[in-house]
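Please read them with the coordinates open.

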Amino acid sequence: MPASPSTARAINDRVALRLLQQEGPLTAGQLKQLTGLSRPTVADLVERLTAAGLIEVVGESGEQRRGPNARLYGIVADRAHLAALDVRTEGVSVVVSDLLGRELARASVPIADDTGTGPAVEQAVTLVERAAKEAGAERLHTVGVGAPGLIDPATGELRDSSGLPEWHRRLVAALQERLPARVIVENETNLAALAEQRDGAARDRDTFVLLWLGHGTGAAVVLDGRLRRGASGGTGEIGFLPVPGTSSLPSATDCEGGFHSLAGAAAIAELAAGHGLVATAVSPGEPEAAALVRQAVAPLSSPSPSSSRSASSGADRFLSTLADRLAIGAASVVAVLDPGCVVLGGEVGQAGGEVLATRVGERLARMSPLPVEVRASTLGGGAVLRGALLTARESAQDDLFAPRSR
């Protein structure tokens with residue numbers, strides 16, 4: 001059946017808004033060319049969207065042209081303000097942006113292990129409120145939260161998980177109570193995968209696995225362009241994967257003895273110490289393991305042959321053993337999912353760069369008959385915030401760009 005006039009208008013409006021989001025400001029003539037709509041139809045939708053406060057004139061298309069046909073229309077960026085949170089066991093980071101994703105404020109606060117649940121929640125919520133005020137946002141439309149642990153696929157809530165601070169779950173409820181905003185919670189590794197696919201190492205892949213290597217371990221699975229969460233939201237809990245090389249087996253409440261014992265930050269730091277490596281500089285919030293990997297990789301990634309030859313044999317052995325460990329976990333994922341691409345994500349994956357990715361890839365080629373490319377993250381730990389912001393932005397735009405009853 002042909003669409004009704006109101007449905008056709010809603011579809012046209014949505015197409016035009018998406019084009020303005022993707023391409024930036026456009027003239028009515030450019031909208032006509034890109035949409036294939038008639039000139040009167042484009043004129044009507046421009047008038048409609050302008051009256052709704054969704055688009056505005058932001059300039060003209062060139063110095064040689066004047067008049068209505070030269071006007072550039074763009075999305076009203078301050079129609080809504082968004083926030084993204086990266087919630088870790090040791091602190092919280094937040095970014096506030098406009099509807100187009102332009103960053104307006106950024107802040108973080110460390111939260112010590114011995115901080116009580118109430119004070120920890122208050123610190124985190126206050127951080128968000130201050131960042132919003134700094135950004136000039138009277139209210140936040142949508143808040144995207146990335147946190148470790150399982151997200152209940154039925155309710156969208158962070159499930160109670162042993163080993164994670166109680167303030168994590170309380171924080172979500174506090175944000176919903178204190179902020180007049182929609183709050184969306186997602187597993188941190190899943191958000192990192194979305195960011196790597198949109199802006200990072202997996203931009204050309206619609207099927208891949210992100211192996212998260214930060215303070216902890218995890219995996220995110222994207223198949224045919226869709227993030228897969230599993231029946232209980234637990235897809236990618238690779239830290240619990242039983243693997244050879246550990247002294248015990250993981251349990252339902254503790255991932256020690258699983259892949260986490262080989263590739264978690266503490267395990268990597270212990271491995272490095274065994275090879276005589278010491279981290280000389282750790283950036284704020286960076287796992288020591290990432291600093292150790294970065295220092296071990298530096299001489300090996302140098303274009304100078306003399307620098308490569310002078311690389312510490314201890315560093316080389318450390319990276320080889322680490323690659324062996326990572327390949328064990330990656331091989332299990334590859335054998336089950338055949339993703340064709342594995343991204344080494346998180347701070348450690350980014351620090352290892354092509355040197356570590358190449359070594360893991362070589363080992364996988366010997367272990368698995370399935371072709372797989374191993375890539376290093378280009379976003380590192382920042383992928384969680386980026387993914388949370390993308391999620392908040394898409395949710396806000398879905399709401400604001402939705403057709404309104406007339």
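The points below take the sheets, the helices and the cores in turn.

1. A caveat on the source. This is a predicted model. Please read every point below with that in mind.

2. The open sheet. Five strands make it up, in the order S10-S9-S8-S11-S12, with mixed pairing. From one strand to the next, the twist averages 25°.

3. The S8/S9 pair. Strand S8 covers residues 208–213 and strand S9 residues 217–223. Their pairing is antiparallel, over 6 bridges. For a landmark, look at Phe208, which sits opposite Val222 in S9.

4. Helices on this sheet. Helix H11 (residues 313–337) packs on the sheet and touches S8, S9 and strand S11 (341–345). The direction of H11 makes about 155° with that of S8. Helix H12 (residues 346–367) lies across S8, S11 and S12, and runs at about 145° to S11.

5. Geometry of H11. The helix has 25 residues and spans 36 Å from first C-alpha to last, close to the 36 Å expected at 1.5 Å a residue. Just after H11 comes Asp338, with a positive phi of about 50°.

6. The largest nonpolar core. Which of its members touch the most others? They are Val293, Phe318, Leu344 and Val360, out of 47 residues. H11 is the biggest contributor to this core, with 11 residues. Beyond its neighbours within four places in sequence, Val360 contacts Ala323, Leu326, Ala327, Leu344 and Val374.

7. Another core. A set of 34 residues lies apart from the largest one. Ala135, Ile151, Leu175 and Val183 are among its members. In soluble globular proteins, nonpolar side chains tend to be buried together.

8. Strand S6. Is this strand buried or exposed? S6 (residues 142–147) is mostly covered, with 6 of its 6 residues buried. Thr142, Gly144 and Gly146 point one way, while Val143, Val145 and Ala147 point the other way. Both sets are buried.

9. Partners of S6. Strand S3 (residues 81–88) pairs with S6 in the parallel sense over 5 bridges. S6 also pairs with strand S7 (residues 182–187), again parallel, over 6 bridges. Leu82 stands opposite Thr142, and Thr142 stands opposite Arg182 in S7.

How values were computed:
Residues are numbered from 1 along each chain as its sequence is written. This is a predicted model: local features need pLDDT of at least 70, side-chain atom pairs count only at pLDDT 80 or more; totals for chains, interfaces and linings use all residues. Side-chain values use heavy atoms; hydrogens and water are left out. Two strands pair if DSSP finds at least two bridges between them. Helices (H or I, at least four residues) and strands (E, at least two) are DSSP runs, numbered from the N terminus. Axes are lines fitted to C-alpha atoms, for helices over the stretch in contact, and angles run from 0 to 180 degrees between N-to-C directions. Contact means heavy atoms within 4.5 Å. A nonpolar core is a set of buried Ala, Val, Leu, Ile, Met, Phe, Trp, Tyr and Cys residues joined through side-chain atoms within 4.5 Å. Buried means under 20% relative accessible area, exposed over 50%, partly exposed in between (1.4 Å probe, protein chains only). The expected span of a helix is 1.5 Å times one less than its number of residues.
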